[in-house]
Amino acid sequence: MRNGEIVTAGILALFSLYLMWKSTELPVGYIAGQGPGGGAWPFWLSLIMLLCCGMIAFNWWRGTSPPSQSTEPVLDAHGWRMLIMVGGGIVVFVGLVNIISMYGAVAVFLLYYVKYLGRHGWGLSLALALITPLVFFFFFEGAMRITMPTGMPFTDPVFDILYEIIY
Amino acid sequence: MDILALLADGMLLALQPLNLTMIVIGVSVGLLIGAMPGLGSVNGVAILLPVTFLVPPNSAIIFLAAIYYGAMYGGAISSVTLGIPGASTAVATTFDGRPLARQGRASLALVTAALASFVGGTIANMLFTLFAPALASVALSFGPPEVFALMLLAFATFVGLGGDDIPKTIFSICFGLVLGAVGFDQISGAPRLVLFEMNGFLQGIGFLVLAIGVYGIGEMLWTIEQSRGEVSKTTPKMTVKGMAADAKEATKRGWKGTFVGSFLGFFVGVLPAAGATPGSLMSYGVAKMISRKPETFGQGNPDGVAAPEAANNSASTGSMLPMLTLGIPGSPTTAILLGGMVIWGLVPGPRLFVDETEFVWGLIGSFYVSNAAAVLINLAFIPLFIWMLRMPFTVLAPMIFVLSIVGGYAATRDMFDIWLMVIFGIGAFFLRKFDYPLAPAVLAIVLGPIAEPTLRQSLLLSSGDPSIFFTRPIAGPITVIALILIFLPAFKLLRRRRTADQV
């Protein structure tokens, strides 16, 4: 944790510097008759962020913050496994939206999580994976008139049937 | 007496069968929309506005006001049960509502939220009835320096009262403010902070993208990692007797927050451009400030649920005031209501109270009836929300992830925002590991777009002289209080050192 805290502070300090540099694309000072320039607000805030990173590093050096006193790793084997299985699952879920539609991606993600990670039976897993996207479809597309991504053209036959029901 | 007679007429109008039906449907729909992460009162009112052309204007505005009320109650549901603020108005409810749910006391949190909302709504209705025109003129005297001072106070309550690491809290606030500045410069219209030259940033970063990322994804990842796959199920129980006991406890432990939220929320709601979100956040801060045990806030203090919930309901009524009396909407939802009124041929403004007496008092009467209907419908649904929490965590967790992604898309309609949400979620998970408080960033991204233009307009007014925030009669005291709160941790540290030296 101790190393992790200073590395995080360093990354955030670099990001603050980047934000300061990006802010200077617009004037950061006071323009007579116009007030503060468009870049002033984010520039000075990013500078405060940078100073805060300095203070975080100072506290780390003094060892006053709880993470700077900890010798535990940021993530142990279980933590990394969880991040890859769950976080990775979410990334794949979002990646699938433009391929098999939002509803298809919801079904696949639920099946993966409930059956594989949750170790529930096939009955519950399939029921959740099939009923949830259908309920979402009728709520969002039917009741709220909000269209979700339908994915690539091969999903059209399924959506033709569903749209026929609600329109 | 005149007012009471007019109010009685208005309530009778609201209780007519058609209007009462509209209220019950509106509140139920609003509750459902408000409870859905990503959708709030503004979505409900905007989506259902065309439906109102089927009924007379009186019933139409009553229906929309009922949706508004229902959504305000509903926002607390996802904050407590899922830990995701469904709308910006319910962010502060998450701070203590979620810890209570984790302790198996979700019913206490939901009952507190419902009762506080009811009291907040009722007090606001009474203030509205009695002081509508007078308050509208006070609100008009708030210029950019006063509004900026209020925003500063909202941030200061987080810095001065947070038990967290101060540099990390300030970093979090500034980070949220900078994220709120991404997109276009509001004044010159020039593109600003288009990060890594990605065009998706041109449309800015919405509050929901950060809030759902932090609470819907980051918080869930953190819970799964901390629990090491064995989430202790709190299995909250729900009985009529239990609910009565919760109501008693909510009254005993949440009255102070309710009181603060009801009055502060109403006044902040009245201010044009402020609305329910700053109202609820400031009420949370003030409730914490006056509490004898401020350290219990954030760990499941009913006052921490009551204050923002009373405030967001109170502010909803308050924001109707400038809309009706001056024609200035106090929030995005009232802006849509204003549009509806114009379409129905009504002209909001001072003449409305004279020319359309029946309409105005019918609407005010419907506020009282909607508020009563909302608390009853909400309390009746609490067992259903509690049942949701009894689901196995391995079912609840993927449902929350799915709701976050689908709800987030419904609100933004952009896959770029969904990717951003995932990145924020994973980033929030790591920052949480290193004790960075993330609530201030969520608060800041909401208030940033209000704070920045008011700061720039104020400095333009004073030709760049910052003393404008100290010399004006309303802005001055607020700024001084905010600065005291900001420097409070430094004073405390100095005092502690001096005491240590003496010892």
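Two residues are in contact if their C-beta atoms, placed from the backbone, lie within 7 Å. I applied this to chain A and found that, among contacts between residues at least 6 apart in sequence, 53% join residues at least 24 apart.

**Ground rules**

I note that this is a predicted model, in which local features need pLDDT of at least 70, side-chain atom pairs count only at pLDDT 80 or more, and totals for chains, interfaces and linings use all residues. Residues are numbered from 1 along each chain as its sequence is written, while chains are lettered from A and ligands numbered from 1 in the order in which they are written.

**Chain A**

I looked up the secondary structure, where helices (H or I, at least four residues) and strands (E, at least two) are DSSP runs numbered from the N terminus. Chain A has six helices and two strands, in the order α-β-β-α-α-α-α-α. Its radius of gyration, taken over C-alpha atoms, is 25 Å, well over the 15 Å that the globule rule (2.2 Å times the number of residues to the power 0.38) gives for 167 residues, so chain A is more spread out than a compact globule. I read the span of its C-alpha trace along the principal axes as about 60 × 55 × 25 Å.

I then checked burial: a residue is buried if 20 or more other C-beta atoms lie within 10 Å of its own, exposed if 12 or fewer, and partly exposed in between. Of the 167 residues of chain A, 34% are buried.

**Where chain B touches chain A**

I found 46 residues of chain B in contact with 57 residues of chain A. On the chain B side, α8 (166–180), α9 (207–227), α16 (393–412), α17 (415–433) and α18 (439–461) each supply at least two residues. The largest share, nine residues, comes from α16(B).

**Helix α20 of chain B**

I followed α20(B), residues 475–502, which has 28 residues and reaches 39 Å from its first C-alpha to its last. That is close to the 40 Å expected at 1.5 Å a residue, the rule being 1.5 Å times one less than the number of residues. The helix bends by about 45 degrees at F487(B), the bend being the angle between axes fitted to the seven residues ending there and the seven starting there. A proline, P489(B), follows within four residues. I list its buried residues as A475(B), I478(B), T479(B), A482(B) and L485(B).

**One residue, M243(B)**

I located M243(B) in helix α10 (residues 240–270) of chain B. M243(B) counts as partly exposed because it has 19 C-beta neighbours inside 10 Å.
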